[in-house]
Amino acid sequence: MEPGVTCGRCSYCKSGRYNLCPDVVFMATPPVDGAWAEYVAVRSDFLFRLSDEMSFEEGALLEPLSVGLHAVRRGRIQPEDRVLVLGLGPIGLLAMEAAKMSGASQVYGSDVVEYRRNLALQMGASGVINPVGESVPQRLDELTGGNGIDLIIETSGNAGAIADSIGYVNRGGRIVFVGLPTKDAIPVDIGALVDAELDIYGVFRYANTSPAAIQMLQNKGSRIRDIITHQFSLDQIEEAIELARTQRDTSVKVMIYPHQNA
């Protein structure tokens, strides 16, 4: 289920970039309610049938996986690209999965939380970096054998990571900004950006990703279920929200089930 239902009539919808529709109704984006209920009505063209082999957990993760898939598409990922994902929350980890499933030769991750770095390695990252305890450029040079990074996907929204990403990517490389910072204005070294002829892309949600994501999960082995660190039933929703809010060092994706036996 795609939680963002668009008008279907504007130029963005008709051109296929419906994620930019100004009249989108997106669940859990105020003033629109979310879907913490046993039943919810959704327009049929925003529903996609899962294969019999796919679990409901994987189906629920198709939404954040779609953000990662849209990001690698926006970044024009190429076979054999070396990719760096900044921020290893749910979106970052699934962007890493999308990059691997799209043919990247090596995928690296960076995060300040050790638990998330270890989870990235468990899910198949080629290497991880602690941006607080290590020099990111130096560590990237070691990890890639001096070949550097072709594509960066920034999901943390950290102002420092956004500004520094320009110095992490190869000349002629690409950077995709996914994470939203707490402030809109962030100083960026335009001289370095221009000199290296970098391509910069923004990502707002996703468009036309669900069928492709379902197909990719059917055809290739994936570890996306590894990001589910906790499971709760719907009547435990307060506990689930509080855990997700306060235990970010040990939780990644909290799954809430509409039935009683989670």
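C7 counts as buried, at 17% relative accessibility. The model examined here is predicted. C10 is likewise buried, with a relative accessible area of 16%. A disulfide is a covalent bond between the sulfur atoms of two cysteines. The structure holds zero disulfides. For C7, the closest cysteine sulfur is that of C21, 3.7 Å away and therefore too far for a bond. A pair of sulfur atoms has to lie within 2.5 Å to count as a disulfide. C10 is also in no disulfide. The cysteine sulfur nearest to C10 belongs to C13, at 3.7 Å.

Helix α4 spans residues 114–122. Its buried residues are R116, R117, L119 and A120. They cover an arc of only 160° around the axis, so they sit on the same side of α4. The packing partners of these buried residues are α3 (90–101) and β5 (127–129). After α4 comes G124. The phi of G124 is positive, near 105°.

M54 lies in a loop, between β2 (25–26) and α2 (56–74). M54 is buried, with a relative accessible area of 9%. Leaving aside residues up to four places away in sequence, M54 touches G59, L62, I214, L217 and Q218. M54 and G92 are 38 residues apart along the chain. The C-alpha atoms of M54 and G92 are separated by 22 Å.

Methods:
Residues are numbered from 1 along each chain as its sequence is written. This is a predicted model: local features need pLDDT of at least 70, side-chain atom pairs count only at pLDDT 80 or more; totals for chains, interfaces and linings use all residues. Side-chain values use heavy atoms; hydrogens and water are left out. Helices (H or I, at least four residues) and strands (E, at least two) are DSSP runs, numbered from the N terminus. Buried means under 20% relative accessible area, exposed over 50%, partly exposed in between (1.4 Å probe, protein chains only). Contact means heavy atoms within 4.5 Å. The arc is that of the directions from the helix axis to the C-beta atoms.
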